[in-house]
Amino acid sequence: MAVVLVVEDDPVVRAAMIRDLTARDRVVRSVGTALASLREVAEHPPDVIILDLGLPDLDGGETLKMIRGVSDAPTIVATARDDEREIVRLLRAGADDYIVKPFSGEHLNARIDAVLRRARGAQPAQLVEVGGLHIDLDSRVARLDGAELELTRREFDLLAYLAARPGRVVPRRELLAKVWRQSYGDDQTIDVHLSWLRRKLGESAAQPRFLHTVRGVGVKLVCPE
């Protein structure tokens, strides 16, 4: 079942959305502020996000940009204004779809199904290249400057996940969920694997080349300058 994060500050509207989505066999998590949504996305990565633009603590457009910095989950913005210029701006800022209030549960559910189909139908590139790093997902072979890297299964999965999202800070909880397939765990597990991976990439935490730690947030893989 798809996990849906509802970001809506109106408790009545939020409760109605939760009831309807739950009745349609969705797993629903909900928050009422922008900051809470960022924390939720980082700690419990959802399959799809419903983002209300009228949040009390931060502009909806800014919230969308911040969410996009830590998650690529399909995002549907809910707006009370049927303003074409505003909708175009939000779609260009990273929204996958939009829905104008008021809307029915059936309409919202159809939008969710549509963005999930598109997300699941997108075929990831089977060859990822970042700088001198080449990762073949089919053969599970990684090469650095032409030389094959001897990686364990987990090291390869970790490197491939980060390389597929170059420049994006990936939260540790997302790594646990997507690479380790765990909803919780010890950060030390990630740190140990990152240390081994750095050693094989010829770098260190003090002198990073590809893997950069953002303290208190997560890890990003970048193309060396």
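Begin by selecting Arg172, which is buried, with a relative accessible area of 16%. Here buried means under 20% relative accessible area, exposed means over 50%, and partly exposed is in between, using a 1.4 Å probe and protein chains only. This is a predicted model, in which local features need pLDDT of at least 70 and side-chain atom pairs count only at pLDDT 80 or more, while totals for chains, interfaces and linings use all residues. Residues are numbered from 1 along each chain as its sequence is written, and side-chain values use heavy atoms, with hydrogens and water left out.

**Around Arg172**

Stay on Arg172 and colour by secondary structure: this residue lies in helix H7, residues 172-178. Helices (H or I, at least four residues) and strands (E, at least two) are DSSP runs, numbered from the N terminus. Which residues does Arg172 touch, not counting residues up to four places away in sequence? Select Asp187, Ile190, Asp191, Thr213, Val217 and Gly218 to see them. A contact means heavy atoms within 4.5 Å.

**Zoom out**

Now show the whole protein, with its 8 helices and 12 strands. Its radius of gyration is 19 Å, close to the 17 Å that the globule rule gives for 225 residues, so the protein is as compact as a globular protein of that length. That radius is taken over C-alpha atoms, and the rule is 2.2 Å times the number of residues to the power 0.38. Taken along the principal axes, the C-alpha atoms fill a box of roughly 55 × 30 × 30 Å. Of the 225 residues, 42% count as buried. Among contacts between residues at least 6 apart in sequence, 54% join residues at least 24 apart.

**The annotated domain**

Next, select residues 3-116, where UniProt places the feature "domain: Response regulatory" in an unreviewed entry. UniProt positions are given in the numbering used here, feature names are shortened, and annotations may be inferred rather than shown by experiment. Over residues 3-116 the chain is 48% helix and 21% strand, and the end C-alpha atoms are 11 Å apart.

Within that selection, pick Asp59, in the loop between strand E3 (48-52) and helix H3 (60-70). At 45% relative accessibility, Asp59 counts as partly exposed.

Most residues other than glycine have a negative phi, and most peptide bonds are trans. Move to Lys101 and Pro102, where the peptide bond between the two is cis, with omega near -10°. Pro102 lies in the loop between strand E5 (97-100) and helix H5 (105-121).

Then go to Asp25, which has a positive phi of about 65° although it is not a glycine. You will find Asp25 in the loop between helix H1 (11-23) and strand E2 (27-31). Is Asp25 buried or exposed? Asp25 is exposed, with a relative accessible area of 52%.

Asp145 is another stop, with a positive phi near 50° in a residue other than glycine. The loop that holds Asp145 runs between strand E8 (141-144) and strand E9 (147-148). Asp145 counts as exposed, at 55% relative accessibility.

**Last stop: helix H6**

Finish by selecting residues 153-163, helix H6, which is mostly covered, with 8 of its 11 residues buried. Highlight the buried ones: Glu155, Phe156, Leu158, Leu159, Ala160, Tyr161, Leu162 and Ala163.
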